[in-house]
Structure formats: structure tokens, C-alpha cells
Amino acid sequence: MNTKKFSKIIYENIKTLSGALIIAILIRSLLIQPFYIPSSSMEPTLLIGDRIFVSKYSYGYSKHSFPFSPNFSDKRYFSKKPIRGDLVVFKTPADNRTDYIKRLIGLPGDTIQFIDSDLYINDKKVNKVKTKNNLTLIRCGSFDLKTNVFIETLPNGVNYLAVYKKKGTLQNTQKFKVPKNKYFLMGDNRDCSKDSRY
């Protein structure tokens, strides 16, 4: 094989790989992105080891829509407001790098509070019904938690399964006021989730 032919093959391969890489980055940045669930904070909805695809265009685009979150702007483009009950993937203001997935519970201006292990939104108790499978083991780090499983129904009618520790669940909290342009997110595994309560 002569040098000219070999160079042409290399060039064609590089061109093909570069095109594929650009297409992959565009799909991942603008359309969908795969995520791996590493913890039990969203059980029983999402289990450890689950792999999910997340829509990148549901709420518009920001610097976090792109790999490595390049700091080109703090604005969101083509933005749409999330709906209470949505599962949302986000980065925390604290580290701005780690991806979290939680359920949207509180909208800007809402108050959120737990009273006697019941969730209150704007001083109204969220309907919670214990399921027949009311005792199950949920993994929390290196511990197994005995939990009760409930169907919770948010004020807009969205319902989902939430689990609370059978003994020692979070009974009472302060009243959280959601600031303007902010959201309150919680894991469905109420006693094993680092979320807006913290």
C-alpha cells in the first residue's frame, strides 16, 4: 500500500470519527442524555443501578446542558417552567458539578413543612395513603431501612410512591419558604435523601 493511499484511509477514518463525535455531543447536549442511578434516594421510583434517558429540552438549555458545563452564560434559553411532581435532573449550587435527580415538590413562593411525618404544602396536608405492601426493606448506604410505602398525591393531582422509615421517620421540620425563581426538590425515599431540606 502506498503512502498516499494510506494517508487517505487515515483521513477518511478521522473524518468519520469526528463526525460521529460531533453528532453524539449534539444529541447528548440538545436532545437526550443517559444517567445512572447510584443511590437509593428515589426508591421505589428509581432503583440503584437503573439507567435512564433524560430529555434535555424539557425546560430549555443552559451551560449545564453541555459536557463539562462551560461557563459561557448564566441564562437559560427556550426555558419552560417545570410542573410540580416532575422528576428533575439538576446540579446543586454548592458544587455545580454533581448531577442529582429528585422530585419537584415546591414551586417559587410555596411553603413546605413536615408535621407528624405528613407533608404540608402551603399549610395543606398532602394526601398520603398506605399501600398494601406497607413494609419493605430499602437500602440506605450500608443500612437496610424498614419502611412503609405510601401513595402521595400532590395538589395538582400528580401521584407517586414515597417511602418513610417505619420507626424514627422525620417527624417535624421547620417551615421552608421557597425563594423566587427557586424550586424545592425531595427524594421519594424520604429518610435517605440529601435534598432541599438540607
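Which residue in β4 is the bridge partner of V88? The views below, taken from a predicted model, begin with this pair.

**View 1. Pairing of β3 with β4.** The bridge partner of V88 is K102, a residue of β4. Strand β4 covers residues 99-106 and is joined to β3 by 5 bridges. The two strands run antiparallel. In general, strands of a sheet pair through backbone hydrogen bonds, in either a parallel or an antiparallel arrangement.

**View 2. The open sheet β3-β4-β13.** An open sheet is formed by 3 strands in the order β3-β4-β13, with antiparallel pairing. The edges are taken by β3 (87-91) and β13 (184-186). Each of these has a single partner strand, so one side of β3 and one side of β13 lack a neighbour in the sheet. From one strand to the next, the twist averages 60°.

**View 3. Position and burial of D195.** D195 lies in the segment after β13. Its relative accessibility is 9%, so D195 counts as buried, the cut-off being under 20%. Leaving aside residues up to four places away in sequence, D195 touches K102, L185, M186 and G187. One of these, K102, is also the bridge partner of V88.

**View 4. Polar contacts of the D195 side chain.** The side chain of D195 makes a polar contact of 3.0 Å with the side chain of S193. A polar contact also joins the side chains of D195 and R197, at 2.9 Å.

Notes. Residues are numbered from 1 along each chain as its sequence is written. This is a predicted model: local features need pLDDT of at least 70, side-chain atom pairs count only at pLDDT 80 or more; totals for chains, interfaces and linings use all residues. Side-chain values use heavy atoms; hydrogens and water are left out. Two strands pair if DSSP finds at least two bridges between them. Helices (H or I, at least four residues) and strands (E, at least two) are DSSP runs, numbered from the N terminus. Axes are lines fitted to C-alpha atoms, for helices over the stretch in contact, and angles run from 0 to 180 degrees between N-to-C directions. Buried means under 20% relative accessible area, exposed over 50%, partly exposed in between (1.4 Å probe, protein chains only). A polar contact is a pair of N or O atoms within 3.5 Å; within protein, one must be able to donate a hydrogen and the other to accept it, and residues adjacent in sequence count only if both atoms are side-chain atoms. Contact means heavy atoms within 4.5 Å.
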